[in-house]
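Student: Could you take me through one part of this model closely, with the criteria behind each term spelled out?

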Amino acid sequence: MSSIVCQDLCKTFAQGEERITGLDRVSLSIDAGELLCLSGPSGSGKTTLLNALGGLDTPDSGSIRLAGRRIDQLSRGARADLRLREIGFVFQAYNLIPVLSARENVEFVMQVQGVPVAARHQRAAAMLAEVGLAGLENRRPGEMSGGQQQRVAVARAIASEPRLVLADEPTANLDSHSATQLMDLFQTLNRDRGVTFVLATHDPRVMAYARRLIRMEDGRIIEDIAQQAAGRPSPGGAS
Amino acid sequence: MHWPLMSLLTLAWRNLWRNYRRTLIMLLAIALGVWAMIVMSALMRGMTDQMVRNGLATLPGEAQIHHRDFRLDPSVVNHMPMPAGNLLAQLNSAPITAWAARLRVPAVLASEYASRGVTVLGIDPAQEAALGSLPETLLEGRMLGSPDDRGILLGASLARRLDTGLGKRIVLMSQDTENNVADRGVRVVGIYQARLQGDEERFAYVGRGALQELLGLEQEVTEIAVSAADYRAVDAWLPALRASAGPGLEVLGWTELHTFLGTMLAVQEGFVLVFMVVVFLVLSFGLINTLVMAVFERTRELGLMQALGMRPALILSQVLLESLLLLALGLLAGNGLALATLLPLRDGVDISAVAEGMEMMEMSATLYPLLAGRDMLLSTAVVLILGLLASLLPAWRASRLDPVRALARH
């Protein structure tokens with residue numbers, strides 16, 4: 001069953017007196033549990049599509065349905081609620097709240113959701129352990145490496161158990177080892193928890209993990225291919 | 001929508017100290033502003049209170065009873081009987097604390113060298129002492145002993161102008177009830193010093209019985225001065241006194257008798273509020289600047305919060321909470337500073353250097369700051385309400401940030 005269905009998405013931006021095409025009649029279906037990569041050169045529309053899928057931005061025309069619900073027609077507040085309850089975000093530049101500790105950053109979304117204190121403490125600790133940061137719960141972002149910060153961001157994105165995680169260039173600021181660790185983590189979460197991942201990336205290492213690769217150029221999808229994913233083998237033997 | 005108050009408070013508190021120098025400067029500005037509001041209000045209130053009290057001491061009393069026509073023609077012709085019956089019962093009941101029946105007549109005092117027009121007060125010394133209207137400082141001689149005392153008590157300044165002194169005889173001239181000149185030689189038995197130099201030249205005291213005899217009166221008086229515990233509460237008991245006095249007498253409160261003082265008190269209340277608002281309006285520019293800078297520096301972070309699902313209303317609340325914490329800390333420090341300033345000044349501030357010029361306004365040489373709880377509440381309300389209003393603009397801008405653009409900012 002398709003989790004996300006986009007139909008004829010168009011988006012343009014003003015740059016001075018010029019109009020830049022962000023999305024040009026993009027139609028796309030993403031099934032629940034997919035791990036999908038959007039790739040393409042800078043300005044190809046990857047981030048614009050990701051922002052539209054996450055309700056951060058609205059298309060000029062076309063429709064986006066998340067689990068059958070039109071999200072492009074929702075109000076600003078309703079889109080915020082949607083992001084809060086159903087979508088996890090991982091951004092290129094870690095994007096943690098600097099005045100909060102790792103645990104507090106992970107708990108942040110749950111706090112806004114209204115999850116009781118004990119439950120969110122427990123879940124945050126479990127998530128941080130799952131991303132390999134047990135023992136670093138009380139460190140603030142400034143006291144952690146880039147890879148550790150990105151893992152905190154991943155823990156935050158998945159702690160509230162969203163059905164969809166959108167990640168924009170998640171490995172762009174990571175070294176090779178950290179990038180591999182992060183992608184292994186994404187793959188495990190996708191496989192074990194059934195979380196749908198849509199990743200926008202230039203990074204071939206990330207693309208290798210995707211089971212579906214969409215190439216974009218000038219705001220259009222030019223290629224949509226299924227592929228054998230790389231990464232760690234699953235416990236059952238398939239990868 | 002869930003309101004994660006503790007999270008918002010935690011964020012607001014920690015954000016406040018991210019740029020602690022800026023926060024401390026703003027806190028100092030708010031504290032100084034609050035300090036100025038409270039200290040200046042206390043000084044103004046103390047000044048006004050003193051002016052009213054001095055005015056009431058001179059008047060004297062918080063209310064006065066006269067013959068219906070006395071204010072039009074303040075002569076002995078418009079006399080009235082000593083209080084009796086209902087009026088006497090009312091005068092002797094709470095909240096009235098003291099009253100004095102007196103003769104107030106225009107008169108001329110003449111020594112062998114000079115003469116002056118004055119107001120002669122024929123008093124019962126015991127009643128006046130209870131009312132607190134006798135001169136506070138006796139420089140020479142004695143006070144009047146009884147209503148039948150035949151001596152005269154002069155102010156030091158008047159004695160100088162008449163070129164007379166203790167023990168000397170002067171002539172007291174006035175008009176009796178038949179409009180005939182009545183005069184008598186009286187001996188100066190005491191020289192007093194008043195709080196206000198003008199009073200020394202204006203008022204001379206004689207025994208009420210002696211003056212009644214000179215003017216052809218029996219037990220009649222021209223004025224009954226009435227005093228109660230709080231001059232601000234006069235309107236509470238005045239109607240009952242008025243009812244007991246009957247139609248032939250006029251009962252007036254001090255705000256009607258001394259309209260300048262009444263207006264002064266009313267204007268002061270408004271002035272305190274205007275002063276506080278003006279002080280805070282100046283401060284609010286600093287506050288707005290602080291918050292605008294804080295929001296500008298955290299654009300990316302605020303965009304992130306929106307991207308993670310914080311509704312615009314929560315972002316707005318968070319910035320307002322930050323402002324509220326800043327204002328609350330400033331208020332705390334400002335109130336503390338104000339108390340620390342005013343408590344040592346409880347025994348008064350010497351303003352003798354400027355008191356002479358202020359005498360026309362019934363000011364004394366010592367100013368007692370009057371710290372009113374409502375001024376502290378008012379300054380708190382002004383700071384919080386105007387502060388939050390001033391914070392609305394940066395908070396609203398933060399809540400309206402486009403998360404995509406905000407996240408793209410480096």
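Which residue in β8(A) is the bridge partner of A:Leu164?

Tutor: In β8(A), that partner is A:Thr196. Before going further, note that this is a predicted model, in which local features need pLDDT of at least 70 (pLDDT being the predictor's confidence in each residue, from 0 to 100), side-chain atom pairs count only at pLDDT 80 or more, and totals for chains, interfaces and linings use all residues. Residues are numbered from 1 along each chain as its sequence is written, while chains are lettered from A and ligands numbered from 1 in the order in which they are written.

The bridge belongs to the parallel pairing of β7 (residues 164–168) with β8 (residues 196–201), both of chain A, which extends over five bridges; strands are DSSP runs of E with at least two residues, helices are runs of H or I with at least four, and both are numbered from the N terminus, and two strands pair if DSSP finds at least two bridges between them. Strands of a sheet pair through backbone hydrogen bonds, either parallel or antiparallel. In chain A, β7 and β8 sit within an open sheet of six strands, ordered β6-β7-β8-β3-β9-β10, whose pairing is mixed. Its edge strands, each pairing on one side only, are β6 (87–90) and β10 (220–226) of chain A. Neighbouring strands of this sheet are turned by 15° against each other on average, direction ignored, where axes are lines fitted to C-alpha atoms, for helices over the stretch in contact, and angles run from 0 to 180 degrees between N-to-C directions.

Helix α1 (residues 46–53) of chain A packs on the sheet and touches β3 (35–39), β7, β8 and β9 (212–217) of chain A, contact between two residues requiring that their C-beta atoms, placed from the backbone, lie within 7 Å. The direction of α1 makes about 150° with that of β8(A).
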